[in-house]
Amino acid sequence: MKKQSDLSRLMRYAGKHKILTILSWILSVVSALLALVPFWYIWRIIHDILEVSPDFSRAGNVTCYGWSAVLFAVISILVYITALMCSHLGAFRVAANIRKELMQHIAALPLGTTEKYGSGKLRRIVNSSSAATENFLAHRLPDKAGAIATPAGLLFLLLAFDWRLGLLSLVPVALGFLIMMKMTGKNMEQRMEQYQNALSDMSNEAVEYVRGVPVVKTFGQTIFSFKRFKDAIDNYETWVIAYTKGLRLPMMFYTTAINSVFAFLIAGGILLTGGGITNELLLNLIFYIIITPVIGTTLTKIMFMSEDTMIVSDAIHRIDEVLNEKPLPESRVNNVPSDHSIIFEHVSYSYKGSPTGRENALNDVSLSIRPGQTAALVGASGSGKTTLANIAARFFDPQKGRILIGNVDIRDIPKETLTNNISFVFQNSRLLKTSILENVRMAKPGATRKEVMDALKTAQCLDIIEKLPDGIDTVVGTDGAYLSGGEQQRIAIARAILKNAPILILDEATAFADPDNEVRIQQALSALSKGTLSGDNPTSEPAFAKTETAAYTAKKTVIMIAHRLSSITDADCIYVLQDGKIAESGTHGELIGKNGIFAKMWKNYSEAAEWRLSSEDVPKTMNGNRKLEGKA
């Protein structure tokens, strides 16, 4: 099957506005040809002046020719403005449709795919790549149509008056065109891709760096602590300098060639005046000197248009790269799990280009969590905790093995059913710039204000609501209504409480909370994981396990990723992950008794937790501040 051209791909997004884009090309051609008409009037003016010289009073048509030249110039400008209005309407529609399709597709992609790209790179593709198509359609294509029409009209004018001078004028054009082709060939296309890659990498790393600024400030580090960001900047700098130096000579020769037309005309004029100067030869020579700069301008336009064509081609390639990512396959059968148990059977998963150097982030993991149980995942960073939790929520599918929820393969559960029955509380929950009411109501769009307030109360959020100027109707992020990380976390927990899903995934929900917020968050999480007895709360009951007893269905199945080991002492089962495998499992007491990995982790954690500040026994420094020390 023949591959669609870039222009055909863009026109697919234009819809009914396609006709406006085509009309803009036609109008641009008309404008370019009209812009050449004043030159003909200039030739007439010079002709009449030379013909009546030295009695210039006999040149009666000069004024008429002058105003005619002005009129056609104005008409050309107005037609060109109309062309741009048409092209912009079409370009805006194309860019908007591309962004809509990209965002709809990205929303359908699994979280693993979006993490692979990184938020910075995805943002650049959605914004910058679509903007490149907008600039291409709005400006470059109409200009290209005009730039193609201009040489055709110029060729007629150059050969119509004196074909000998016309051919001489075309020699530097041919030289400039050959040099331009050398600069904008296949090699330039590859360089343009490298340039866009360097920009994307730098954008991605910049986003990650900005997110890490609090850590940099806290520990007094510099930009060099973020090696990948610095490397991205250095790579971009090296590439741009090398690219610029590589184009110095070609660009110098190109500029010399297109501006040397006067030298050719002067040389031609000297040769052609060997038999004497005639008014006709002088007329044509003056006319060609006036009109030939248009050739260089047009050729330069074409050169930059070739570069823009490469930019938009690369943009479309990046857009297609995202659109070609496949969403997870959907189940065509409405399989409803019998309960909310979770079983992992020989699950393995590997990230492409994993920075850890391990083959698998998860390697043959098998575990079982019964309905209503709380399972805690612990282990060093990179051990596979988050990957395990993400796969349980089907943010991506395992490459090997399977996950069962209620004895049904997670891949056979419809997406909506799965989503409605799993709640998440991440360690860095963020709120949208809308009211507290709408932020919480996202979990259950039809919830009443009373249901939202009940959820906020259970999540220990009443102190937050009381200090806000408009209560739950306060819009987050406006008029000074900003919440701390711990307060945002409690609002996110209220959202999960309102959803009341039977399966709950907690990714170290208290990681960035201050002591006061941590206590409240722990209380809220406790209420969230225990649930409520059927009929005790007007919010929706868990969707799974309708045949179970009320007390049994109320308690949620919880997967908890924990760094603070004190928060998981009551977990039904603790799984210790190491290098993508389950190294140990059991209750807190059982693992302590094994004196293995967890016992060592607990000992280190307990020793660290016992350190405290002693203000009464610590001598003050010279400036009056007390020294800090730990007491075991």
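**Exercise 1. In which helix is Lys-301 found, and is Lys-301 buried or exposed, or in between?**

Step 1. Lys-301 is found in helix H13, residues 293-323. Helices are DSSP runs of H or I with at least four residues, strands are runs of E with at least two, and both are numbered from the N terminus.

Step 2. The relative accessible area of Lys-301 is 43%. Buried means under 20% relative accessible area, exposed means over 50%, and partly exposed lies in between, with a 1.4 Å probe and protein chains only. Lys-301 is therefore partly exposed.

Step 3. Lys-144 is 157 residues away from Lys-301 along the chain, and their C-alpha atoms are separated by 7.9 Å.

This is a predicted model, in which local features need pLDDT of at least 70 and side-chain atom pairs count only at pLDDT 80 or more, while totals for chains, interfaces and linings use all residues. Residues are numbered from 1 along each chain as its sequence is written, and side-chain values use heavy atoms, with hydrogens and water left out.

**Exercise 2. Describe the protein chain as a whole.**

Step 1. Count the elements: the secondary structure comes to 23 helices and 10 strands.

Step 2. Look at burial: of the 632 residues, 44% are buried.

Step 3. Look at contacts, where contact means heavy atoms within 4.5 Å. Among contacts with a separation of 6 or more, 76% are between residues 24 or more positions apart.

**Exercise 3. At what angle do helices H2 and H3 pack, and how far apart are their axes?**

Step 1. Two packed helices are described by the angle between their axes and the distance between the axes. Axes are lines fitted to C-alpha atoms, for helices over the stretch in contact, and angles run from 0 to 180 degrees between N-to-C directions.

Step 2. For H2 (residues 18-52) and H3 (residues 62-108) the angle is about 165° and the axes are 8 Å apart. H2 is therefore roughly antiparallel to H3. Angles under 35 degrees count as roughly parallel, over 145 as roughly antiparallel, 65 to 115 as roughly perpendicular and the rest as oblique.

Step 3. The contact of H2 with H3 has 22 nonpolar, 10 polar and two charged residues. Ala, Val, Leu, Ile, Met, Phe, Trp, Tyr, Cys and Pro count as nonpolar, Asp, Glu, Lys and Arg as charged, and the others, Gly among them, as polar.

**Exercise 4. Which residues make the contact of H17 and H19?**

Step 1. Helix H17 (residues 449-458) and helix H19 (residues 485-499) pack at about 125°, with axes 8 Å apart. This makes H17 oblique to H19.

Step 2. H17 contributes Glu-451, Val-452, Ala-455, Leu-456 and Thr-458, and H19 contributes Ile-491, Ala-494, Ile-497 and Leu-498.

Step 3. By class, the contact of H17 with H19 has seven nonpolar, one polar and one charged residues.

**Exercise 5. Where is Asp-409 found, and is Asp-409 buried or exposed?**

Step 1. Asp-409 is found in strand S5, residues 408-409.

Step 2. With a relative accessible area of 12%, Asp-409 is buried.

Step 3. Leaving aside neighbours within four places in sequence, Asp-409 is in contact with Arg-402, Ile-403 and Leu-404. A polar atom of the Asp-409 side chain lies 2.9 Å from the backbone nitrogen of Arg-411.

Note on methods:
A polar contact is a pair of N or O atoms within 3.5 Å; within protein, one must be able to donate a hydrogen and the other to accept it, and residues adjacent in sequence count only if both atoms are side-chain atoms.
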